[in-house]
Amino acid sequence: MSFLKNIFSKKDEPVKNNAEFWEWFRKHERTFFHVIRTGNDIEEKFFNKLSPKLDELKSGYFFLTGMCDEHTAELVITPDGAIRNIVFVEELVAAAPVIPGWKFTALKPALDIESVRITMGDYSFDRDTLSFYSNDLKDYPDEIDITVIHRDYTEENKSTITNGTYIFIDNYIGELDSVTTIDNLIVAGKAEAGKELVPIGKLKAFLTWRQKEFIEKYEGVVPDGEDATHSVLEAELENGNKLVATVNTDILNWENKASHPWILCVGITFDGSASNGMPDKETYTRLDDIEERIVQDLSEKDGYINIGRQTADGLRNIYFACKDFRKPSRVLHAITLEHQGEQITYDIYKDKYWRSLDRFNPSY
C-alpha cells in the first residue's frame, strides 16, 4: 500500500494531448498491471485513476480491461457507441507506445462466434439461441435492416432479450461494424419471423457482402451543386416566435442520397429573447462566421454537402450530409475549442435516405 501511496501522492499535471496521456500511463503502468492481474481493489486503484485522465483529454472515453493471458493486460478504449468519438479513440490508441505486458485496443473488437456467449438472468445469447434474416425495403434498398430472432423471446421478457441481443451483436461483429454498418435492428420471437431464419454465425459474412456492394455502388458519386436552388422557409411556432430555414431544396430530391449517409447536425445557442427568438444583427454575423468556418473545412468536393440551416427560439441548427464521420468529428471538435465562448453542440448519425430532413422538402 505504501508503494501505491508514494506513486500517486503528488498531484499529476493535467494531460493536454495523447502523447502526454501515454507518458503518464507509462509512468504508472507497472502498478496498473499488478492491480489488473490480481484483481484487488481494481476500481479504486485503476478505474478511478484512469477515468479522470481520459476526461482531461476529452469527454466520452470509456474503457474495459482484463488479462489476455498470464503475462499480458489488455486495455480496450471505447466511445460506447458514440459515432462522434470513434475517431478520437482510434487516434488515442494509435498513439500508444509499445509497453511490454500491455495490449491496447481501439473499440470493442469482433469475436469468433464460438467465443461469444452472453448470459442475462435466465437467458443465454449465443449461436444456439439466436438467428436472423434481412428485411428488404422497397423504398430504401440500400439500408441494412435486420431482424434478430431469439428462441425464448416473449412480450414479458422483451426488454431483457433485446438488451442481451444488442450486447451479443456488439461483441460478435465488433463495436465499429455494430454502430456503422447496421442501419436498423429489430429483436423478435420465432412466431413473428417473416422469412426463413439464417444462423447468426453467418451475420458477419452477410454484412461484409452488403457493405462491399454499397461502397462499389456509390464510389465516386458526387452531386452537381453548381445550379442548386436554395429556398427560404418561414413558419410561426406555437409560442409566436418565428422559424426561418434556408435549405438547398434541389439536393433534397437527389437520387444518390445514400452516397452521403452520415448527417452532421450542429447546434449554436444564442440569446434571442429580445427579438422573438431570432438573432440580432451582431449575433447573425457571428453565427454566419461560425458556419463559414465549418464550410471551409467540410467542402462539397471533399464529400460534405451543406444542406441548410434552421433558426428559431435562440438556436441555429446547421445540417451537412457527409461521406464519412471521422473528419466532421475532428472539425467540429476543433471549432468548439476555438469558440469556447459560444454554446456549440454537434451530433453525427447515420441516415442513408436523409429522412430526418424530410420536413424541409417541399415535395413531401
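The charged end of Lys352 lies over the ring of Phe214, 4.3 Å from the ring centre. This arrangement, like the others described here, comes from a predicted model. The charged end of Arg316 sits over the ring of Tyr284, at 5.4 Å from its centre.

The structure contains 23 aromatic pairs. One of them joins Phe25 and Phe104. Their ring centres are 5.6 Å apart, and the planes stand at 80°. The pair is edge-to-face, because an angle over 60 degrees counts as such. It connects distant parts of the chain. Phe25 belongs to helix α2 (residues 18-38), whereas Phe104 belongs to strand β3 (residues 102-106). The two are 79 residues apart. Both Phe25 and Phe104 are buried.

The pair of Phe206 and Trp209 has its ring centres 5.9 Å apart. Its planes meet at 55°, so the pair is tilted. Both residues lie in helix α7 (residues 203-218), three residues apart, or about one turn of the helix. An α-helix has 3.6 residues a turn, so residues three or four places apart point the same way. Phe206 has 15% relative accessibility and counts as buried. Trp209, at 49%, counts as partly exposed.

An aromatic cluster was also found. Its members are Phe21, Trp22, Trp24, Phe25, Phe32, Phe33, Phe46, Phe47, Phe63, Trp102 and Phe104.

Helix α8 was examined next. It has 17 residues, which at 1.5 Å a residue should span 24 Å. The end C-alpha atoms are 25 Å apart, in agreement with that value. The buried residues of α8 are Thr283, Leu287, Ile290, Glu291, Arg293 and Ile294. Seen down the helix axis, these fall within an arc of 150°, so they line one face of α8. On the other side, Lys281, Glu282 and Gln296 are exposed. The cover over the buried residues includes strands β12 (262-269), β13, β14 (315-322) and β15 (343-350), together with helix α9 (326-338).

A loop lies between α8 (281-297) and β13 (304-312), and Ser299 is part of it. Ser299 has a relative accessible area of 17% and is buried, because buried means under 20%. The side chain of Ser299 makes a polar contact with the side chain of Asp302, at 2.9 Å.

Key:
Residues are numbered from 1 along each chain as its sequence is written. This is a predicted model: local features need pLDDT of at least 70, side-chain atom pairs count only at pLDDT 80 or more; totals for chains, interfaces and linings use all residues. Side-chain values use heavy atoms; hydrogens and water are left out. Helices (H or I, at least four residues) and strands (E, at least two) are DSSP runs, numbered from the N terminus. Buried means under 20% relative accessible area, exposed over 50%, partly exposed in between (1.4 Å probe, protein chains only). A polar contact is a pair of N or O atoms within 3.5 Å; within protein, one must be able to donate a hydrogen and the other to accept it, and residues adjacent in sequence count only if both atoms are side-chain atoms. The expected span of a helix is 1.5 Å times one less than its number of residues. The arc is that of the directions from the helix axis to the C-beta atoms. Contact means heavy atoms within 4.5 Å. Rings of Phe, Tyr and Trp (its six-membered ring) pair if their centres lie within 6.5 Å; planes under 30 degrees apart count as stacked, over 60 as edge-to-face and the rest as tilted. A charge sits over a ring if NZ of Lys or CZ of Arg is within 6 Å of the ring centre and within 35 degrees of the ring normal.
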